[in-house]
Amino acid sequence: LLGVLRAMHEAGFAHGDLKPEHVLVEASGLVRLIDLGLVTPLGTTVIGGTHGFLAPELLEGAAEPSSASDVYGMGIVLWESLAGKRLFLGDSDLDTLARVQRGEVPSLRLFRGDLPDALTRLVTHALERQVGYRLSSAEELFESLEDLLLDEGIRTSTGVLGRAVMQARTRLKPVEPPSRAAITAALGPPSKAPASKVPPPPPRA
């Protein structure tokens with residue numbers, strides 16, 4: 001995923017709408033980044049995206065979409081994937097935007113005490129509110145994560161990821177659609193429409 005984002009930045013484009021819903025993982029372990037509708041050249045003034053995944057500087061109008069704003073979105077994806085919950089989610093769109101602007105990021109250790117300290121620090125670094133303190137590019141985030149996994153002895157590959165996807169599929173039971181009897185019990189029998197009365201034909205002259 002970071003390899004794709006890195007290639008986009010090297011080509012001079014920002015994705016602009018990074019979030020978990022736009023990351024697809026196939027059973028083969030192949031990762032796809034989808035929904036390129038908001039892709040814009042780096043440095044343009046076109047700003048869009050989902051409220052809870054925007055970088056604070058974009059909301060303040062102080063900057064254009066950049067590799068750093070994409071890194072912030074990627075940081076949110078990593079945080080939510082590891083914590084298993086939304087990072088910035090308010091009771092309304094305005095509340096969500098206010099949370100993004102404040103940029104208050106709870107430590108991942110509150111939700112995942114088993115994570116390596118280096119990983120929690122890396123995610124926090126990607127989510128620095130001030131651009132100058134944040135990881136500046138997908139390349140920097142990619143290399144930092146690669147070094148971290150190597151230091152922790154964590155082996156990753158498409159095969160490992162594919163097996164994890166298959167294991168998750170076996171744990172998740174498919175949702176069966178409700179039966180006709182269950183729908184009838186919940187809603188009651190369908191009401192019959194009144195029969196329309198057709199007027200008799202006029203008498204012949």
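This is a predicted model: local features need pLDDT of at least 70, side-chain atom pairs count only at pLDDT 80 or more; totals for chains, interfaces and linings use all residues.
Let me start with helices H1 and H6, which are roughly antiparallel to each other, because their axes cross at roughly 150 degrees and angles over 145 count as roughly antiparallel, under 35 as roughly parallel, 65 to 115 as roughly perpendicular and the rest as oblique. Residues are numbered from 1 along each chain as its sequence is written, and side-chain values use heavy atoms, with hydrogens and water left out.

On confidence, pLDDT being the predictor's confidence in each residue, from 0 to 100, the protein has a mean of 81, and 84% of its residues reach 70 or more. The lowest confidence is in helix H8, residues 180-187, at a mean of 73, and the highest is in H5, at 92. Helices here are DSSP runs (H or I, at least four residues), numbered from the N terminus.

Back to H1, residues 2-10, and H6, residues 138-152, whose axes come within 8 Å; such axes are lines fitted to C-alpha atoms over the stretch in contact, and angles run from 0 to 180 degrees between N-to-C directions. On the H1 side, the residues that meet H6 include Leu2, Arg6 and Glu10, and among their partners in H6 are Glu139 and Phe142, where contact means heavy atoms within 4.5 Å. The residues of this contact divide into six nonpolar, two polar and three charged, with Ala, Val, Leu, Ile, Met, Phe, Trp, Tyr, Cys and Pro counted as nonpolar, Asp, Glu, Lys and Arg as charged, and the others, Gly among them, as polar.

H6 also packs against H5, at an angle of about 175 degrees and with the axes 10 Å apart. Ala118, Leu119 and Leu122 in H5 meet Leu141, Ser144, Leu145 and Leu148 in H6, a contact of six nonpolar, one polar and no charged residues.

H5, residues 117-126, in turn packs with H3, residues 67-83, at about 145 degrees, the axes being 8 Å apart. Among the H3 residues that meet H5 are Val71, Gly75 and Trp79, and the contact has eight nonpolar, one polar and no charged residues.

Which aromatic pair does Trp79 form? Trp79 pairs with Phe111 edge-to-face, at 5.5 Å centre to centre and 80 degrees between the planes, where rings of Phe, Tyr and Trp (its six-membered ring) pair if their centres lie within 6.5 Å, and planes under 30 degrees apart count as stacked, over 60 as edge-to-face and the rest as tilted. Phe111 sits in the loop between H4 and H5, 32 residues from Trp79.

Conventions:
Helices (H or I, at least four residues) and strands (E, at least two) are DSSP runs, numbered from the N terminus.
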